[in-house]
Amino acid sequence: MQVTFKVYRKDPEKDGKPGRSNYTLELAEDATVLDALLKIRDESDSTLAFRGCCGRGYCGECMMRVNGSARLACTAKVPDYIKKGPEISLDPLRNVPVIKDLVFDWDAFMWNKIKEVKPWLETEGSPVNGENLIADAAMQDLRKVMSCFYCGMCDEGCTVLPVDFDFLGPAALTKAYRFAFDPRNKDSREQVKIVEKPKGIWDCVHCYEADEHCPRGIEPTKRIVALRDRAFNSGITHEAVARHHASFAASVKESGWLDEGRLAVESEGLTNVKGLMKLLPTAAKALARGKAPIPYMHSKRPDADKIKKIFEKAEQEEK
Ligand code: SF4
């Protein structure tokens with residue numbers, strides 16, 4: 001089959017301006033995108049920069065966008081991408097500093113963030129024969145998480161990173177989960193304290209894109225929620241977040257739905273005059289448009305009593 005690859009190019013040693021090179025080549029019917037890139041490099045253009053290693057979908061090195069979607073080049077079969085036409089576009093990941101062509105800065109993208117979450121185990125007591133043995137059953141929950149191979153697909157799919165690149169991101173937060181929930185960890189609060197800070201777990205918007213993107217089914221969003229629960233239940237959560245949670249729950253429990261005005265005021269803190277003053281410009285704008293929810297003037301939903309009973313049952317069960 002004959003296919004044309006339109007490949008993103010950028011060379012900081014030349015003018016550094018992004019462009020595109022087109023390569024048309026003959027490929028075997030079972031060729032992958034990585035096969036095509038190797039052929040281009042070997043036969044047409046040795047200056048093309050890209051990464052690839054295991055060729056088996058295991059190491060994650062060859063992550064790039066194929067026709068706009070993040071894929072591992074070594075598992076992306078060319079025939080799957082030419083159903084609508086014999087052209088395939090190849091680009092580096094979104095919102096990541098590019099070093100050259102399809103090679104981007106993995107440190108900035110993921111490794112520096114993973115380092116931040118203290119990704120190692122500190123155990124109580126001395127290891128026996130150099131090992132910290134534990135019953136297999138106690139590790140069941142972590143087995144899945146430990147199969148993460150750092151491909152970064154979850155970070156690529158994340159909807160927060162394009163607007164805030166400093167967000168730790170689902171890959172690093174999943175790594176924090178791996179150690180925070182390890183039963184051998186002598187202080188599992190350590191990782192929780194790190195990720196509870198700004199740019200950590202509270203900045204996740206629960207879009208579940210990370211779960212959709214993860215090729216290993218690790219469900220990074222579920223891990224972030226578990227870290228949040230642990231932060232909240234162990235009293236690590238910073239005050240504004242705790243107030244926000246308490247107000248949200250109280251509002252839904254009492255009226256069956258969210259009192260947004262009350263939430264804004266109580267999240268800032270009723271005695272936090274400076275914080276409350278900050279809300280005034282937004283409140284004034286909303287009021288001018290007839291959209292300002294007046295705190296505590298909130299009608300009950302028709303089935304509010306049923307919702308209240310659900311809360312009471314959950315509270316009872318928790319006790
Ligand atoms: S959690 Fe899944 S998507 Fe994210 S880096 Fe690990 S394997 Fe890749």
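## How α9 passes α10

Helix α9 makes a right-handed crossing with helix α10, where right-handed means that the near helix is turned clockwise from the far one by less than a right angle, and left-handed that it is turned anticlockwise. Helices here are DSSP runs of H or I with at least four residues, numbered from the N terminus. The structure is a predicted model, in which local features need pLDDT of at least 70, side-chain atom pairs count only at pLDDT 80 or more, and totals for chains, interfaces and linings use all residues. Residues are numbered from 1 along each chain as its sequence is written, and side-chain values use heavy atoms, with hydrogens and water left out.

The axes of α9 (residues 239-255) and α10 (residues 260-268) come within 8 Å and cross at roughly 150 degrees; axes are lines fitted to C-alpha atoms, for helices over the stretch in contact, and angles run from 0 to 180 degrees between N-to-C directions. The two helices, α9 and α10, are therefore roughly antiparallel to each other, a term for angles over 145 degrees. In this contact (heavy atoms within 4.5 Å), α9 contributes residues including R243, F248 and E254, while α10 contributes, among others, R262, L263 and E266.

## Two further helix pairs

The axes of α10 and helix α11 (residues 273-288) also come within 8 Å, and they cross at roughly 145 degrees. Here A264, V265 and E268 of α10 meet G275, L276, K278 and L279 of α11.

Helix α9 also packs with helix α12 (residues 304-318), at an angle of about 130 degrees and with the axes 6 Å apart. On the α9 side the contact is made by A249, V252, K253 and S255, which meet A304, I307, K308, F311, E312 and E315 in α12.

## Domains and their contact

By an automatic or database assignment, the protein is divided into domain 1 (2-104), domain 2 (106-233) and domain 3 (260-318). The C-alpha centres of domain 1 and domain 2 lie 30 Å apart, and their contact takes 17 residues from domain 1 and 13 residues from domain 2.

About 1300 Å² is buried between domain 1 and domain 2, with carbon and sulfur atoms giving 60% of that area; buried area is the accessible area (1.4 Å probe) that two parts lose on being put together, summed over both. Of the area that domain 1 buries against domain 2, M63, R94 and N95 supply 33%, more than any other three residues.

Methods. Angles under 35 degrees count as roughly parallel, over 145 as roughly antiparallel, 65 to 115 as roughly perpendicular and the rest as oblique.
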